[in-house]
Amino acid sequence: MKRTTRRHVLGGLAAGVAAPAILRSTRAYAQSPTLKVGFVTPSTGPLAGFAEADDYILEGLRVHFAGGVENNGKSYQIEIIKKDSQSNPNRAAEVAAELILDDEVDIITAAATPDTTNPVADQAEINEIPCITTDAPWQPYFFGRGGNPAEGFAYTYHFFWGLEDIIANFTGLWNDAGVAKKVGGLFPNDADGNAWGHPELGLPTPLAGQGFELTDPGRYQPLTDDFSNYISAFKDAGVEIVTGVMIPPDFGTFWSQAAQQGFNPKVATVGKALLFPSAIEALGDRGVGLSSEIWWSPNHPFTSSLTGTSAGDLANGYSSATGRPWTQPIGFKHALFEVVADVIGRAEDLEDADAVSAAIAATNISTIVGDVNWSAGPVPNVTKTPLVAGQWQDNGNGVELVITHNSQAPDIPVGGELQLLG
Amino acid sequence: MIEWTGAIVQGVLLGGLYALFAAGLSLIFGVMRLVNIAHGDLIILAAYMGLTTTVMLGVHPFLALLIVMPLMAGLGYALQRGVLNQTLGDDILPPLLVTFGLSVIIQNALLEFYTADPRKLPGGAVETASLDLGGITVGVLPLLTFGIAVAVIAGLQFVFYRTSLGRGFRAVSDNQDIAQLMGLNKAHVFGLAMALALAVVAIAGILLGMRTSFDPAIGGGRLIFGFEAVIIGGLGNLWGTLAGGVILGVAQTLGAKIDPGYQILAGHIAFLIVLAVRPNGLFPRVEH
């Protein structure tokens, strides 16, 4: 057995200290140059649930990237630098600037809600650094940053689904349910709530078009302690379907007050609040039967272009490594780096931000979350991945998110039928 | 008509919750002129302690109070004597900054131990049970919350005006130095006041945890309602705090009746009106 001696340690330390200086000055000529990828993510704060699988995904990728990625016959080492946005948009902009100016990353990435993606993308656009983001509906990403569909952005690209997919899935799910077409809307006074509740761009117009009668009493302030006025308005209107885009504590308050005041809808399909198994478990028995949008699941028939891992294996790997149930952002985190690796492999000149940006725009790969191809997006710089909808059902040893509606993406198999509440 | 009555009843019950948030604040401000920015986070800490107790022992959250209350009280005493007493003086800024720091520490420690998952205390049947009072449906849990709030305020009032401990509180509140000269150890009295305040925080935390789901970051948002209830009611007056909570709750539900967007705003407006008309609050502390 080889012992570690003082000399080894000192030698290693010296090499470690010297390495960054050497690499920085000679990257293009080194035997194995290093390419830096910045990654901004909300590791702490209210959005931390979106980021819980980051370390697992990054660890897997570091192992995979250990052999380097080939570009124009040269092997590049990839170094991923993760920074915490603390769920705060200002902080996200700050760490993005740090990554760009101090760490001098070549590509920057970000994920989890517009609060993370938008400030990072804005910093990247100003500093002319290629940027890839995901995990935020595209309307708040594109229009929230003042995007103009005729021009688009020069360096920043995004892949996820949009509000139109939510509407198609929710209405499809409700048509499957066969209940009265009376919908109660719970929209908070925040970026998501105002987008969803917007009279023309949000839910109201398409719902009316499909014969759904929407009761929308108005915008509530997030973290409110009382929903009794909503509940009485819904009761008066004979609402059988409840929808909205809520944070988990608000939905928790609403859901127990609804029971206390004898309001029992047949279907409750709510965005954001019901994404994570932990949020459903927190609701106890009353969490079973709630429905939600599904961006990704272990049953999606996709595999990683990078490792060949199937969606199911990625989710199981996470569960067995951490002892926690799979969550939807896992697939998108992995896909984000699939795209990064693909771009690094194809770029004509990795030293040139414009060449890297052109390589991102030309992306056309099948990832673990579906196809990513920016030439096929609804607006420039945006491409969409498939969205389905489903219900939290009790499978005997816990709750499980089952896909019950797939009209928007028929290649994703359904796992069961929608069951009515109560 | 019945709808407006319903909104008022719901508002009164909501006021009970706000009064519970506020009672601890009112108490420590009354005794030691300390504004505790970490109050909301301490409520969430208590909710998490309740969660750990219910999960480990398999008991109902109300029974968990038997463990969480003494724990929080002990924590309060240690906190006051170990940290906050060092900061109290003529300047009100140091305690403010220290409790602000405490708030950040508590949030991040909770995130580290419990992750960002939203959690809820399993209250069982009482969570969804309701009573029909002539057309107005009232949840049993909010009713219970209001009852507990009244009992807590009455209990605090009794301690304040009928016990030797309360005499100590009032003495240091009136004049710290003279109370010290009369043989009261003000460091100890302050510690006891904080212990009592955090015992009330434990009750508020458990009730909040049964009412809605909570996560480590949610505490700060609860602080503002507590402050407003205290100030509407009049600083240092316990029954005033209850009245302040009820006024705030009713203003909110009536505002929401007009438009849900006005819910929180209506509460803040009620608060501003009281501040403008009676800057000392509706029932300022009686001078002894």
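Two strands pair if DSSP finds at least two bridges between them. In this predicted model, strand 1 of chain A and strand 3 (residues 74-84) of chain A meet that condition with eight bridges, and the pairing is in the parallel sense. Within strand 3 of chain A, the residue opposite A:Thr41 is A:Asp84. Strand 1 (residues 34-41) of chain A is also joined to strand 4 (residues 107-111) of chain A, with which it runs parallel, by four bridges. Here A:Phe39 has A:Thr109 of strand 4 of chain A as its bridge partner. Strands of a sheet pair through backbone hydrogen bonds, in either a parallel or an antiparallel way.

These pairings belong to an open sheet of seven strands in chain A, arranged in the order 2-3-1-4-5-6-15 with mixed pairing. Strand 2 and strand 15 (382-383) of chain A are at the edges and have a single partner strand each, so one side of each lacks a neighbour in the sheet. As for strand 1 of chain A, six of its eight residues are buried, so this strand is largely enclosed by the rest of the structure.

Strand 2 (residues 69-71) of chain A contains A:Val69. A residue is buried if 20 or more other C-beta atoms lie within 10 Å of its own; A:Val69 has 20 such neighbours and therefore counts as buried. Neighbours within four places in sequence aside, the contacts of A:Val69 are A:Tyr76, A:Ile78, A:Ala341, A:Ile344 and A:Gly345. A:Trp296 lies 227 residues from A:Val69 in sequence, and the C-alpha atoms of the two are 27 Å apart.

The largest nonpolar core has 126 residues, of which A:Ala96, A:Ile108, A:Val120, A:Cys131, A:Val340 and A:Ile344 touch the most other members. Helix 13 (residues 329-346) of chain A contributes the most to this core, with 10 residues. Beyond its neighbours within four places in sequence, A:Ala96 is in contact with A:Val40, A:Ile108, A:Pro119, A:Val120, A:Gln123 and A:Ala124. Another core, of 95 residues, lies apart from the largest one and includes B:Met69, B:Phe169, B:Ile218 and B:Phe283.

In chain B, helix 5 (residues 140-162) and helix 6 (residues 164-174) pack with their axes 5 Å apart and at an angle of about 80 degrees. Angles of 65 to 115 degrees count as roughly perpendicular, and helix 5 and helix 6 of chain B are therefore described in that way. Helix 5 of chain B makes the contact through B:Val159, B:Phe160, B:Tyr161 and B:Arg162, and helix 6 of chain B through B:Leu165, B:Gly166, B:Phe169 and B:Arg170. Five of the residues of this contact are nonpolar, one is polar and two are charged.

Between the chains, 35 residues of chain A are in contact with 38 residues of chain B. On the side of chain A that touches chain B, at least two residues each come from strand 9 (219-220), helix 9 (228-237), helix 10 (248-260) and helix 11 (277-282) of chain A. Helix 10 of chain A supplies the most, with eight residues. By residue class, this side of chain A consists of 12 nonpolar, 19 polar and four charged residues.

Terms used:
Residues numbered from 1 in each chain as written. Chains lettered and ligands numbered in written order. Predicted model: local features only at pLDDT ≥ 70, side-chain atom pairs only at ≥ 80, totals over all residues. Axes fitted to C-alpha atoms, helices over the stretch in contact; angles between N-to-C directions. Parallel < 35°, antiparallel > 145°, perpendicular 65-115°, else oblique. Contact = placed C-beta atoms within 7 Å. Nonpolar A, V, L, I, M, F, W, Y, C, P; charged D, E, K, R; others polar. Buried ≥ 20, exposed ≤ 12 C-beta atoms within 10 Å, placed from the backbone. Core = buried A, V, L, I, M, F, W, Y, C linked by C-beta atoms within 7 Å.
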